[in-house]
Amino acid sequence: MSNRPRASMQRILDDLGSTVLDVAASPGELDVEVTGVHIYDPLDELLLPEGGILLAVGVDRAEQICALLDAAGPAAGVIVKQPVPVDELVRAKVLETGVAVLGLTRAASWAQVAALLRSLLAEGDFTEPGQAPPDDLFSLANAVCALLDAPVTIEDRSSRVLAYSGRQDEADPGRVETVLGRQVPVRYRRMLEERGFFRQLYQSHEPIYLEMDGDSIHRAAVAVRSGDEILGSIWAAVREPLSDQRQRALADAAKIVALQLLRQRAGADTQRRLRADLLSTVLAGGRDAAEAAGRLGVASERLCVLAAQLSGRSGGSVGDAARRESDRQRFCDALALHVGAIHPKAAAALVGSVAYAVLPLHAGNSGEEEARAVRVAESFLARVGPRHAANIGVGRLAGNLSEVARSRSDADRALRVLRARDVSGAVVGYTGVHFEALLLQLSDLAEAEEQAPTGPYERLLAYDAEHGSELVPTLRAYLDAFGDVNAAAARVHVHANTFRYRLKRLTEIGGLDLGDPDARLTVMLQMRIFGR
């Protein structure tokens, strides 16, 4: 991986257009290199790397902007929600610091602009100096816009916006909402489905013209194909049917977009495999961990590992398996976006069915840092919960790369405890489930060595199996109730006298001395380890 700049500020503004961002105050030419996107939090120390874009959430006064510009150091720009209060002091500060101030349309959310910017910056990941980025769909969209003289979007099969041209402000509110959300709104998609537009689009090999209702501008659209496979579509907002020449231009553009989407798919797969391999090397903590961490750009000390996994059954058809793999990748992408917003040197990748994240933490008490990592994980699940039911295990703090393997093992064990509990949407730190994790390890060891119950517990299991009795559940209820016969009897729904009789029988048959704490501990551990 190279350290070359991913994009310039001017390129980002050209791609996003005035629909989303506008320049409120500029120090001059905006060819400054952009390296990342960061969210302003007044409660955290502002450590902005060179070339970073700062999303100034909640900043709406000129004096606040001036203070941020002073603190932003070598940043590329500061983004503030419109209307931006630019006065002479702000303009002077922009010239002094060389940091541009941009205005974000009020219709856009901070989550939307963060996703938009990161998708643009991601074009440069894992490419070498002098190479073209793996895809340049935004440039293609602008080229098609020029050919058709109409604003254009390029969308995938799920109506997610992959790229769009400039001039979107010339389209209707539905198109603007689509661009800002990077997804065709549900109500528009439902309308297109009900009127058979998608069926017509995907059955035709030529562009089609769609007359829209109300104040909406009509659409010209063409399916993007690779053989019989539909990769996506191109949509242009037009006021009248296209001429034959423009019809041919749109059809030709679909072939070029298909090539780019296929390259994008191959490049994305390669990048994900590379990122997964590099992160696996970091998580293993061997001699190559430092080099892998450097290539990923992650921090090398005070790290915490998060292990996240979608909950649910793994069986089903091949189609179900493909859908699950796609869900896992989207889940991992969301996790990477979440931890990346918290720290620029965080990283996440899918390894097998588990999405691992390496999260750098500030110096402090290790217990407090693990608790902070748990809060980060809980915040993530709260955001994706409606779409992805998952659990996350959090490892202990790793003081350096050599301890990352231990933190990964901790996270795996914590995640396994949650699976054993058969829960969903839960987050737990390893220190909070340490003993449960140890019991699961003992269970694994007993199974690997083909160990079996012994002593009183073995005799009680055999007696229950032969006579259909309930001595083992009686013993478990008694131990769980700390010897309270009335409470234990209520748990197994029998009279206290009946329970006392069963208790007497199990001590006789099993030869178990319930007054001996070592005997109680032994049988309790066997119950947990052998799970019967």
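Let's start with charge on the surface. E29, D31, E33 and E50 gather there in a patch of negative charge. A patch here takes residues with over 30% relative accessible area and no salt bridge, and like charges are joined within 9 Å. Asp and Glu count as negative, Lys and Arg as positive, while His and the chain ends are not counted. The place of a charge is CG for Asp and CD for Glu. Accessible areas come from the Shrake-Rupley method with a 1.4 Å probe.

A word on the model. It is predicted, with local features needing pLDDT of at least 70 and side-chain atom pairs pLDDT 80 or more, while totals for chains, interfaces and linings use all residues. Residues are numbered from 1 along each chain as its sequence is written, and side-chain values use heavy atoms, with hydrogens and water left out.

E33 is in strand β3, residues 33–34. Helices (H or I, at least four residues) and strands (E, at least two) are DSSP runs, numbered from the N terminus. Buried means under 20% relative accessible area, exposed means over 50%, and partly exposed is in between.

Next, salt bridges. Side chains of opposite charge can pair when their charged atoms come close. The cut-off here is a side-chain nitrogen of Lys or Arg within 4 Å of a carboxyl oxygen of Asp or Glu. How many salt bridges does the structure hold? There are 16.

Take R167 and E170. Their side chains meet in a salt bridge at 2.9 Å, N to O. R167 is partly exposed at 30% relative accessibility. E170 is partly exposed too, at 39%.

Now helix α11. R330 bridges to D327, with the closest N and O atoms 2.6 Å apart. Why about one helical turn between them? Because R330 and D327 are 3 residues apart in helix α11. R330 has a relative accessible area of 36%, so it counts as partly exposed. D327 is partly exposed at 23%.

Helix α18, residues 496–510, has E508 and R505, 3 residues apart and separated by about one helical turn. Their salt bridge has its closest N and O atoms 3.6 Å apart. E508 is partly exposed at 48%, and R505 is partly exposed at 27%.

There is also a network: D70, K93 and E96 are linked by salt bridges.

On to the aromatics. The structure holds 4 aromatic pairs. In F198 and W235, the ring centres are 6.2 Å apart and the planes sit at 75°, so this pair is edge-to-face. F198 lies in helix α8 (residues 197–203) and W235 in strand β12 (residues 229–238), so the pair ties together parts 37 residues apart in sequence. Both F198 and W235 are buried. The rule for rings of Phe, Tyr and Trp (its six-membered ring) is centres within 6.5 Å; planes under 30 degrees apart are stacked, over 60 edge-to-face, and the rest tilted.

F198 and W235 also share one aromatic cluster with Y202.

Last stop: A489, in helix α17, residues 485–491. A489 counts as buried because its relative accessibility is 2%. A489 and Y478 are 11 residues apart in sequence, and their C-alpha atoms are 8.0 Å apart in space.

How values were computed:
Patch = residues over 30% accessible without salt bridge, like charges linked within 9 Å, V, L, I, M, F, W, Y side chains within 5 Å. Buried < 20%, exposed > 50% of the residue type's maximum accessible area, 1.4 Å probe, protein only.
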